[in-house]
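Biologist: I have a model open and would like to learn how to read it. Where do we begin?

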Amino acid sequence: MRQRFVLDTTAITDAGLRIKEGYESLCESANEVLDLIALARLKLDISCYIPYPSVYTELTSFLKRYGCDEDIFTKLDTWLVKKTPNRYEVKIPAAIFYEYIITVRQKMNRGRRLAEEYILEASAIASKLEDKSNIEAEIGNLVSKFRDKYRSVMRQGILDSAPDLDVLLLAKELEAGVVSSDGGIRKWSERLGLRFVEASKFPRMLKEYLKLMGLKDSEVREELG
């Protein structure tokens, strides 16, 4: 059966991927991954999709911020299939929706308790200050810690954006695998019975497929230029 993959933004931009493969920059990483995707398309008939416009816009904006060359955007438009998920036809089991609501409620409760703890701590600090004009400076570090912990509590293991949901909907529609490094996407891919591939492992997986087709490492590198 023909293989299809739906890519999240992190499939191209993941920092862990860059470290694992030894890429020096985001632009170099994006260029090499897109070349591998192109080679897999030509040699193995593997198709890689990207939800449009949500994830596509997110990815191109990210690459532009890092000043990537125009060639990378050309490769992105050439080798990634842009498709809008059919949000009206894709069916999600009610049990999944029910579980998601429970998960969101639990995170809201954890976020509320965390906020209460930091409010009490901030109040204790403020009550000891003689000069109230220094309150902002004294509790600034505490506010920073709260933001980090709150972000971790609320976002870990949850879908928190429209692009995240589009990745799952498109993969469900196409019966495709999901490529991402996002914990929330991974969790709900598993709940939906979708194949999941870690972004940091995707390039090596494609290289392994190509080797099984008879291409040696040196030949793969030559094909990639």
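Modeller: With contact, which means heavy atoms within 4.5 Å. Thr60 touches Phe73 and Leu76, leaving aside residues up to four places away in sequence. This is a predicted model, in which local features need pLDDT of at least 70, side-chain atom pairs count only at pLDDT 80 or more, and totals for chains, interfaces and linings use all residues. Residues are numbered from 1 along each chain as its sequence is written, and side-chain values use heavy atoms, without hydrogens and water.

Biologist: Does Thr60 count as buried or exposed?

Modeller: Buried means under 20% relative accessible area, exposed over 50%, partly exposed in between (1.4 Å probe, protein chains only). Thr60 has 9% relative accessibility, so Thr60 counts as buried.

Biologist: How are packed helices described?

Modeller: By the angle between their axes and the distance between the axes. Helices (H or I, at least four residues) and strands (E, at least two) are DSSP runs, numbered from the N terminus. Axes are lines fitted to C-alpha atoms, for helices over the stretch in contact, and angles run from 0 to 180 degrees between N-to-C directions. Helix H3 (residues 26-44) and helix H10 (residues 202-212) pack at about 30°, with axes 10 Å apart.

Biologist: What does that make H3 and H10 to each other?

Modeller: Roughly parallel; that label covers angles under 35 degrees, with over 145 roughly antiparallel, 65 to 115 roughly perpendicular and the rest oblique.

Biologist: Which residue has a phi near 55°?

Modeller: Glu175, a positive value in a residue other than glycine. Glu175 counts as exposed, at 68% relative accessibility.
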